[in-house]
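Please open the model in your viewer and follow the stops below in order, selecting each group of residues as it is named.

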Amino acid sequence: MTIKDAVLLSLEDFPNGATSREVYDNIINKKLFGFSKVAKTPDATVGAQMGVMIKHGDVRIKRIKNDKNIFCYYLSKYSKNIESDDKIPAHTGVSRSSFNERDLHPLLCSFLNYNGIIAKTIFHEKSSKAEEHQKWVHPDIIGAKFVEQKNITSNALFKAISKKDSLLLYSYELKKKIDNDYELKKCFFQAVSNSSWSNKGYLVAFEINEDLKDEMARLNNSFGIGFIHLKANPYESKIWFDAKERHLDFVTIDKLCEINRDFKEFIKLVEATLTADDKHFHPSKTALISICDRYPANDGDILKYCNEHHIPWSDEEV
């Protein structure tokens with residue numbers, strides 16, 4: 001039996017359609033196929049197989065999007081069971097609840113980690129009561145990137161001479177959706193305010209009206225804030241506009257350290273890592289990583305995470 005055969009057999013059990021994860025779980029539960037030798041991320045392989053079947057016009061299988069914009073697959077012979085409005089019925093068990101903005105944080109952190117940036121969510125609700133309401137002070141996510149040379153000797157010299165150049169601090173303002181010029185301006189200037197302390201600041205959005213791209217370019221040129229289009233598959237995310245590097249604002253860093261313990265702990269461990277000698281650098285960096293966000297590290301985990309949190313995949317990603 002091939003993976004395709006297992007997919008078709010699994011779909012027999014879903015007359016009202018199923019997500020790729022549900023199809024995969026059914027294959028495993030019924031022991032229809034053994035993935036150990038053919039796929040490192042079997043759940044993602046099942047989703048990819050169904051996507052390929054759709055794109056190649058396989059008449060045995062169809063797909064539609066459920067209420068949360070997630071693809072659900074079904075056998076063509078079950079077409080009569082699917083509602084005429086091209087949505088999976090609610091009674092199939094597919095959640096109707098929307099994902100939260102913070103559900104996107106692990107995906108962004110996965111993208112940042114791939115680019116060498118250690119990242120942590122800053123919870124404004126943990127700030128001192130007098131300051132927690134100031135959302136235009138708190139970044140959503142902060143990051144640190146240590147610029148290291150390959151050779152130990154040259155790296156030691158680089159740190160001794162250019163310590164300020166061996167570290168970059170980042171700030172990220174993350175939004176689920178930016179649909180119009182008003183929303184762009186509001187989100188952009190929130191990012192400007194929240195990132196004034198950092199070397200580089202970014203506005204990040206999961207859904208974005210691409211007609212706003214020219215205005216983003218103008219704002220980026222004027223204020224230096226970059227823009228990242230985050231995708232459900234973090235490795236397909238794009239930096240549309242890079243942020244302009246600037247000097248750290250220690251007045252704001254000091255304020256954030258005073259009002260938010262998460263921010264203070266992050267800066268404390270960044271400083272310890274930056275000033276550590278060769279013997280203690282990696283242990284210090286490990287301690288910093290330990291307080292940062294956990295994120296899905298491979299394609300299978302990413303797909304599983306998105307399915308569990310009802311984060312939709314685009315056509316290109318399925």
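Begin by selecting D58, which counts as buried at 16% relative accessibility, where buried means under 20% relative accessible area, exposed over 50% and partly exposed in between, with a 1.4 Å probe and protein chains only. This is a predicted model, in which local features need pLDDT of at least 70 and side-chain atom pairs count only at pLDDT 80 or more, while totals for chains, interfaces and linings use all residues. Residues are numbered from 1 along each chain as its sequence is written, and side-chain values use heavy atoms, with hydrogens and water left out.

R60 is partly exposed, with a relative accessible area of 40%.

Next select E215 and R218, whose side chains form a salt bridge (2.7 Å, N to O); E215 is buried at 18%, whereas R218 is partly exposed at 41%.

Finally, show helix α6, residues 181-194, helices being DSSP runs of H or I with at least four residues, numbered from the N terminus. Within α6, the residues L184, C187, F188, Q190, A191 and N194 are buried. They cover an arc of only 160 degrees around the axis, taken from the directions from the helix axis to the C-beta atoms, which puts them on the same side of α6.

Key
Helix = DSSP H or I, 4+ residues; strand = E, 2+ residues; numbered from the N terminus. Expected span 1.5 Å × (residues − 1). Salt bridge = Lys/Arg side-chain N within 4 Å of Asp/Glu carboxyl O.
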